[in-house]
Amino acid sequence: MNKLSPIAGAIAVAITSGVFGAASAAAQENEDVEVIQVKGIRGSLASAMQEKRESTTIVDAITSEDVGKFPSENVAEAAQRITGVQITRTRGEGTGASIRGMPVNFTRVQLNGNTLANAAVDLRGGGAGGAINRNFDFRLLPSEFVRTLEVEKSPSASSKEGGLSGTITVETARPLDLGSKYAFSAYGAVDSNSGKYSPRVSGLMSETFLDGRLGVLLTAAYTHSQPETHAINNTGWGRTTEETLNFDYNGDGALQDSLYIPSQIRTEVAREDRKRTALAGAVEFDLNDNIRLYTEGFYSKRELESRSLENIHLFSNAPTGVFGTDDAQIQTIDGIDPSLPTYNVPFALQLNLSDVDVRGNDRINDSVAKTTFLKTGAEYRDDYWEGEFSIAHSKSEQLGDNLNLAQIQRFNVGYSCFAGQDICGLNLSDETAARYLDPAQGIVASLNGAFDRLTEDEVLDIQFDASRFLDNSIITKIGFGGVATQHDVYANAQFLVVPAASLAGVAGLSPATVQASGFGIEPYAQVVYPGSGSFLDTYSGNMSFPAQYLATDTRRLLNSVSRQDLVNAGFIIDSASDVVDLEEDIFALYVQADFASSDDDISGNFGLRWVKTESAASGVSPDLTQIEVLRDQGGIITVPPAGPVTVGNSYSELLPSANIKFRLSDEFELRFAASRTMARPEFADITPSTALSGTAGNYQMVTGNPALNPYIAVNFDATLEWYKDMDTTMTLAVFHKDLATLVRPTNDIVYLPITAIYSSTNTEILSEEEFTRTRPDNQDGVTLKGFEVGYQQFFTEMPGILSDIGVQANYTYINNSDPQVLTAASKHNYNLGLFYETDTIGARLSYTWRDEFVSGGLPNTFNGLGTLIGARGSLDANLSYSFSEQLSVSFEAINVTEEVDTAKTILGDLPVDYFDSGRRLMVGVRYSY
């Protein structure tokens, strides 16, 4: 990684010696928000309500119920209870958050005001380095560390850019605020699909010294979880011909017509072993009544051992034709764009194919991700000035593998992918069923996959903010400041391939018995079944599928053969055209004025932020005349480099904003806000790389565009807020977002020569194949508009047990002018919460529901059919009992009703994905004093 650029260093010197020096002669401070000393659920809601009311911008918040006790074990799961916030999940766990229907990459998430680097990427699909992105992964941060999660929906000039839809700020505790405080917790958890138990422990220590001038805080948390996900997926449709299948489906007497069949249908049991160790600390020192010095840090180490036990049915590799032709159901699908190759070509929704290439794999994803964050600064405040200078550095690094002992089996398999169904069915012939679990049927193809895959993300911020308070003026404060940021990202794209013949010597493979050449998979074979219950026991439809299947045992192989021996037996492919190597230098300045009438009935702020971004993206140009596909080694596609290339880009943006609040009475407030916001393109989109993927009949080419400009949006917001008392509030908000520019993919079809290499038979076949080429470009945007309604109340004035009950409810409506272009916007979203709390008992039921939304828009995704994520609800429960003010026990249930995630095509309503992540139960004890 590079060090701070000269421009950033010059800014730091100028700011420090100039403005901050002047401020120190006059003053500075932090804005204090009234703290309501009520603990538990009621106290948490009241504190969040108070923070919302006191803010000069439109915000919503969640605060901890007590020190080290956030309302949910997953920060993202808690965030979705905020009005207008939806979350994305990976294997059932909340990982990202979107605001008001915009994609996750339009949400800026920051830790204590700064970007937290994140190099953790999912390698389970053999993913290329381009998987690294700007998104914050909420799994990095233990909920025990969180004091407040604030969602800012209308920015001010002092707000950092990057949140096109809004900014989520995660704030951790400070020792001088806490004083002397100690808290410890220990939980045990069990996941329903795996049936395995895992621990979760945390501790917090806060203490003050020197008469309260020095504060020290230390927190630590360790989490171990062992979830299991069950899934069945159709990865896409591949083009084939009647001649290839030896099947005249339309009976015209000629084998000349084309049709589409599933490229692959796969079932999967994904077992994970996740370990996260996290440490955080803060030191604060009041040098005098005006100056506070501080240093804070965060460290996270996430260890993942994951095995995707896949059963892949490669229907595109079925060489001997169709059986049971009377079962065939073939039809065209209306609405496909005429420019696409799928237009007016029929889809075989049901077909029985002979000698299907079936690959029962054990794809091992082992990775270690480490993230550090260190920030030091000084705050100043007196009667006329306030200011802060800080330097923050964050670095994240992940090293991981995604290796698979690939096998080939040949079975007679039928499939059924019907409209309206949740899954594609799989049907085995009687002959196939008799030998489906026989390990002798497997032939080793190779050991292959991502190897020593390195991703790095590093961020350096130097920031200064200052404000001058004004007396006897409608302008109450003038603020100004700036930040210099250097952001470096790198991801390599290494693959390891060990051919079967080479692997046999180091792994002790025996000759195959089902064919004259090749090697059998024994002793590296296993029958796959769920850890607990039945496979896909949440599915209640009439489609059939194998409940058990045979897979390789890659973990056993890796434990038996050293990494060096595997490298010596095989070869490493460094796919240079997939590498991400990017540096961004960002410089921002702002000026902001706060105003208020003499009676404070009218208040707000307005200002202007100027941002300049300079980027340099390095990569290689590919030689597309020398493409090779290693057919029996995972289908890895290699493209030799033609030469290195570095492309620079520079752009500047002006981001005005204004927020105004009218206090209509002691209970009612009206707000208006207007702003211009921006978000930078994703790293992979601005990298001069070319990535090839897919299988025969469904090849894809994705190229970057380093000349992309940022996303831009113009936003208008209005809210009417009612605050009856500390327990009762209601909010009505309307919003309008005009996304002036979007980065949108453009698609075309190209034909490229490829050489298919079959190492098992030492043969090469040259052919010309169709590739769908996708390249991002700046194009016209869309308009989002909608409204939000939020309500919460504790019925403290009701008699008896009713006085201990509270409710929280919110609803968000989003109208998207073009959901095929701006994906991820659910039209209807709501949250319902019911609470019960006494001095000893606390109970919470929370239900979150999100409407369906487009994930792949028409006309260019999923063979022109598009994809739609199904509506989903989730019920969570929490129950606690306090033996004293210090000691309590609690029980938490996540996804009580075991809801699943589904996806279908927009055109044709055909099944795509079905994920069952199960239920998670936790029970634990907490002690604080």
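Which residue forms a salt bridge with Glu431? That partner is Arg435, with the closest N and O atoms 2.3 Å apart. By salt bridge I mean a side-chain nitrogen of Lys or Arg within 4 Å of a carboxyl oxygen of Asp or Glu.

Please note that this is a predicted model, in which local features need pLDDT of at least 70 and side-chain atom pairs count only at pLDDT 80 or more, while totals for chains, interfaces and linings use all residues. Residues are numbered from 1 along each chain as its sequence is written, and side-chain values use heavy atoms, leaving out hydrogens and water.

The pLDDT, the predictor's confidence in each residue from 0 to 100, averages 90 for the protein. It stays under 50 over residues 1-37 and over residues 126-130. Where pLDDT is low, the predicted coordinates should not be read in detail.

Let us return to the first pair. Glu431 and Arg435 both lie in helix α6 (residues 430-435), 4 residues apart, about one turn of the helix; helices are DSSP runs of H or I, at least four residues, and strands are runs of E, at least two, numbered from the N terminus.

A second pair is Arg872 and Asp901, whose closest N and O atoms are 2.8 Å apart in a salt bridge. Arg872 belongs to strand β42 (residues 872-882) and Asp901 to strand β44 (residues 901-905), so this pair ties together parts that are 29 residues apart in sequence.

Finally, a search of the whole structure finds 48 salt bridges. One network of salt bridges links Lys52, Asp60, Arg100, Lys153, Asp717 and Glu788.

Key: Contact means heavy atoms within 4.5 Å.
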